[in-house]
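Reader: I would like to learn how to read a predicted fold from its parts. Where do we begin?

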Amino acid sequence: MVDFVSSINYTLIATQDISFMDLKFGSRFGILQTSATSQNLIRVLVEQLKYFGWRYISVVVDPNDLYSMSMLHYLNELTNSEKICFASVEELSDPHVNVTMMHLLENYKNGANVVVLLTSYESSANLMAYYQSTVKLGVLKSENLHFVAIRDQNLEMVHGFEEEYLGSIFIRESIGRMNHFDNHFLDLLANPKKEQLLYQFINQCGSNSAQCLRLINSFDRTVAANTMQAILAIVGGEC
């Protein structure tokens, strides 16, 4: 798709990270990106680990997810020179969440109480649900493990796991306030009939309309900001 877009002299503006695809970026190549790259986020992660003195960690990845594995590759490169060691790298899959948690508990007993999550929102939620049940069984306390999450960092992922995430760190892009956009969005949520597409979406939810509104409210502000930057770039003639 990227080659096709470039061949017809169009510019592709990515509002989410596509740097892991190993493409040539810049206006001359017709590919721009308004979001932070995974490499930048990993650099921040390593600085945080050094700052807190966390040099023996567990890492959890999605083995079938290219983005997750590319971040692991870059993390390996940076930690080699920073004296940060992996207790283990756990490949998370739905049928084996219990095995992953068992390994994390073993690592904790051996001194690795920090778990770096390179997993998606859904995978992280599945892992935390199992961790929560482990805590309720009294196998360990919720404050025993500290999580560092750098993917899908909408704070909505904390919902339901507030105690389990105590002492954890979420690394995400920094964005400024978008007061005009926020006010407009809140007005639409209060009066959805003003926007036909939003009104149709809520109507399709039927009895689950409250849940739909919560989903809309939890939309990642970073993605919204990056999308607005892309639109402004087009309007400003920078593409």
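Reader: Which strands pair with S6, and in which sense?

Author: Look for bridges. Strand S5, residues 114–117, pairs with S6 in the parallel sense over four bridges. Valine 116 is the residue opposite valine 148 there. Between S5 and S6 the chain passes through helix H5, residues 121–136, in a right-handed β-α-β crossover. Strand S7, residues 169–170, also pairs with S6 in the parallel sense, over two bridges. In that pairing valine 148 faces isoleucine 169.

Reader: In what order do the strands form the sheet?

Author: Follow the pairings from strand to strand. The order is S4-S3-S5-S6-S7, five strands in an open sheet with parallel pairing. Strand S4 (85–91) and S7 are at the edges; each has a single partner strand, so one side of each lacks a neighbour in the sheet.

Reader: How many bridges join S3 to S5, and how many join S3 to S4?

Author: Strand S3, residues 56–61, pairs with S5 over four bridges, in the parallel sense. Serine 58 is set opposite valine 115 there. S3 and S4 run parallel and are joined by six bridges. Here valine 59 is opposite valine 89. The chain gets from S3 to S4 through helix H3, residues 66–80, and this β-α-β crossover is right-handed too.

Reader: Which residues does valine 148 touch?

Author: Leave out residues up to four places away in sequence. Valine 148 then touches Leu45, Trp54, Val114, Val115, Val116, Leu117, Ile169 and Ile171.

Reader: What describes two packed helices?

Author: The angle between their axes and the distance between the axes. Take helix H4, residues 97–109, and H5: their axes come within 10 Å and cross at roughly 60°. The crossing is right-handed. On the H4 side, the residues in contact are Val97, Asn98, Thr100, Met101, Leu104 and Leu105. They meet Asn126, Leu127, Tyr130, Tyr131 and Thr134 in H5.

Reader: Where is glycine 167 placed?

Author: In the loop between S6 and S7. Glycine 167 is partly exposed, at a relative accessible area of 46%.

Reader: What fraction of the contacts in the protein chain joins residues 24 or more positions apart?

Author: Count contacts with a separation of 6 or more; 63% of them join residues 24 or more positions apart. The chain has nine helices and seven strands. Of its 239 residues, 41% are buried.

Definitions and conventions:
Residues numbered from 1 in each chain as written. Predicted model: local features only at pLDDT ≥ 70, side-chain atom pairs only at ≥ 80, totals over all residues. Heavy atoms only, no water. Pairing = 2+ DSSP bridges. Right-handed = clockwise from strand over helix to strand, strands pointing away. Contact = heavy atoms within 4.5 Å. Axes fitted to C-alpha atoms, helices over the stretch in contact; angles between N-to-C directions. Left-handed = near helix turned anticlockwise from the far one by under 90°. Buried < 20%, exposed > 50% of the residue type's maximum accessible area, 1.4 Å probe, protein only.
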